[in-house]
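Welcome! Take a moment to look over the sequence and the structure below, and then follow the briefing topic by topic.

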Amino acid sequence: MSFRQARWDEPSLWDLAPPRTPVAAAEVPGVPERFRRKEAIRWPELSEPEVVRHYTRLSQMNFGIDTAPYPLGSCTMKYNPKVSEMLARRPGAADMHPYQPETTAQGSLEFLWKLERLLGKVTGLPEVSLQPSAGAHGEYAAMLMVRAYFRDRGESESRTEVLLPDTAHGTNPASAAMAGYTTREIPSKDGCVDVAALRAAVSARTACFMLTNPNTAGLFESDILEIAEIVHAAGGMLYYDGANLNAILGVTNPGRMGFDVAHLNLHKTFATPHGGGGPGAGVLAAGETLAPYLPVPRIVKAGRKFRLDYDRPRSIGKIRSAYGSAGLDLRAYAFALSHGEEGLKHVARRSVLNSNYVGAKLGRYLPRPFRPLVKHEFVLSGAPLKDRGLRTIDLAKRLLDEGVHAPTVYFPTLVEESLMVELPETESRRELDQFIAAFERAISDTPENLHRAPQHLAVARVDEVRAAREPLLSWKDLRTAGAKAETP
C-alpha cells in the first residue's frame, strides 16, 4: 500500500470548520432577564500542557497506597493487587449493565453466588447477601433485620435497646439509632467488655449487642462465648462488626463465637479499593435465625442456571439499586481465590505479627495502655507528650514530613491522646522498619518543629475547622475575587 504525502498547497488539507463562538446567555431567546449574566464568565484559559502538568503534579502530591503504607488503625488499608484490578476491568465484567436480563448475566451471577458461599465459610454464618454499599450500610441493614425479627415475635414494642461497648465504631450507635433503637454504652475493663457490667445491663428491653472482635483497642474479646450466652439468655441478638476480621481470617469466625448476624468490609479484609468515601462493599452474613430477613433479591441456583429471587416474605426488602458492588465483589473473589484457605490464615497471622512487632518497638517511646499482646492493631497514648507542650496531633503532622501517612488519632476515645496503628499483612519487614525509624525521628524532634509541621509538603498545617466549614469545592478566579494567596 502506498502513502501519498499531502501537498501544502492542497486545498482539502486546510478545509477545516471555523471555530465555534460560544453564545452568551444574554443572546439566547427566551432566557428571562433576571437569569442573564451581567458580565462574561472568566473561564480558565489554559493550554493542554498546562492542564496535564497541573493534574500530574496534583497526583504526585497525593498520598496513595501504591506509594507507601497507610498505618491507619481500624481501617486495614491494604495494598490492592493489580491482578484483581485487571480482572475487574475486563470487558466481560466492566461492560455489564446492572439491569440486563438474567439470562445474559449468568457468569456474573455465578461468581457472586460462589463468593457468597465462600464468605459464608469465612464467617461461619452460611447465608450471605452482597447488597450493602458499605460497612455502615450493612450495619443499618442488620439492625433492620433484628427489628423485623422482633416484630414477627410480637416484641418490637418491648425490645427497644441496643447495647454497645465503649470501644465501638461511631457508626454502630448511629446505625442503631437510625433503626429506631436507643443505645446504651457498656464500659470496658482493661480494654475489653466488662462482663459484669454487661450482665447487669441486659434485660427484656435488649434487642441486640453490637460488638467488634478483635475490638478497636486491638484486643481479642476472650470472654466472647460468655458474652454470647449472656445476650442470648436475655433473648437478644449478637451483631458482629466485621471491620477487624482481618486479624482472625481463617483462624476463627463470628459463627463459632455465637454471633447471629455480621457485616464485612471487603475493602478492608479482601483488599478492594478503600478511601475517598468509597467505593465500598459491606457484605451481610446471617445465621439460621436471621437469614430469612436478609435483603432481596437473593441469588439462587437451579441446576446450572442462576437467578435473582425476590420471593422472600420476611425479607427487609431491597436496600439499594441493582444487586451490589459487583466490580468490588469480583476483586474480593480474586483475592480470596489467589490466597486459598491456607493463604487466608496466613493473612491473619502475618497481620498479627506485624502489629506486635511494630507495637513492641514504638512502646519504647509512648505507653501502651493495655496488655502487650494484641491482634491486628495497637493503641498508644500520647499523654506524655503534654509534658513537652505537645499533643498527638502534633506528632501525627510531623510524621507527614517523613513521607509517612499518620496513624489514626484520638480513637478509641477511652485512651487519652490516643494514637492507633495498623500495618496489615501486605507490608514487608522493610516497610515496618522504615515506619518505625520515621516515628523515632518525628517524636525525637524539637517541640517547635512538631508545632510547625508539616513543613515539607505542598500544603502547610491547615485550619481544620475552617477547612471543614468553608471548603473550596469549585474553581474560582482568585485574581478577580480579591482573595488572599493563602491555603484554606
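Is Arg-307 buried, partly exposed or exposed? With a relative accessibility of 41%, Arg-307 counts as partly exposed; here buried means under 20% relative accessible area, exposed means over 50%, and partly exposed lies in between (1.4 Å probe, protein chains only). This is a predicted model, so local features need pLDDT of at least 70 and side-chain atom pairs count only at pLDDT 80 or more, while totals for chains, interfaces and linings use all residues. Residues are numbered from 1 along each chain as its sequence is written, and side-chain values use heavy atoms, with hydrogens and water left out.

**Salt bridges**

- Side chains of opposite charge can pair when their charged atoms come close.
- A search of the whole structure finds 26 salt bridges, each being a side-chain nitrogen of Lys or Arg within 4 Å of a carboxyl oxygen of Asp or Glu.
- Arg-307 meets Asp-309 in one of them, at 3.9 Å from N to O, and Asp-309 counts as buried at 10% relative accessibility.
- Asp-66 and Lys-82 form a salt bridge whose closest N and O atoms are 3.1 Å apart.
- This pair links distant parts of the chain, 16 residues apart: Asp-66 is in the loop between α1 (48-61) and α2 (82-89), and Lys-82 is in helix α2. Helices (H or I, at least four residues) and strands (E, at least two) are DSSP runs, numbered from the N terminus.
- Asp-66 is exposed, with a relative accessible area of 53%, whereas Lys-82 is partly exposed at 39%.
- Arg-364 and Glu-440 also form a salt bridge, with 3.0 Å between the closest N and O atoms.
- That pair spans 76 residues, from Arg-364 in the loop between α11 (326-362) and β12 to Glu-440 in helix α13 (residues 429-443).
- Arg-364 counts as exposed at 54% relative accessibility, and Glu-440 as partly exposed at 21%.

**Aromatic pairs**

- The count comes to nine aromatic pairs. Rings of Phe, Tyr and Trp (its six-membered ring) pair if their centres lie within 6.5 Å; planes under 30 degrees apart count as stacked, over 60 as edge-to-face and the rest as tilted.
- Phe-270 and Phe-335 form an edge-to-face pair, 6.2 Å centre to centre and with 90 degrees between the planes.
- Phe-270 lies in the loop between α10 (266-269) and β9 (282-286) and Phe-335 in helix α11, so the pair ties together parts that are 65 residues apart in sequence.
- Both Phe-270 and Phe-335 are buried.
- Tyr-149, Phe-150 and Tyr-293 form one aromatic cluster.

**Nonpolar cores**

- The largest nonpolar core has 54 residues, of which Leu-119, Leu-198, Phe-209 and Phe-270 touch the most other members. Such a core is a set of buried Ala, Val, Leu, Ile, Met, Phe, Trp, Tyr and Cys residues joined through side-chain atoms within 4.5 Å.
- Helix α11 gives the most to this core, with nine residues.
- A second, separate core of 30 residues includes Phe-378, Leu-395, Val-421 and Ala-438.

**A three-stranded sheet**

- An open sheet has three strands in the order β12-β14-β13, with antiparallel pairing. Two strands pair if DSSP finds at least two bridges between them.
- β12 (378-381) and β13 (408-409) stand at the edges with a single partner strand each, so one side of each is left without a neighbour in the sheet.
- β13 pairs with β14 (residues 418-421) over two bridges, and Thr-408 has Met-420 in β14 as its bridge partner.
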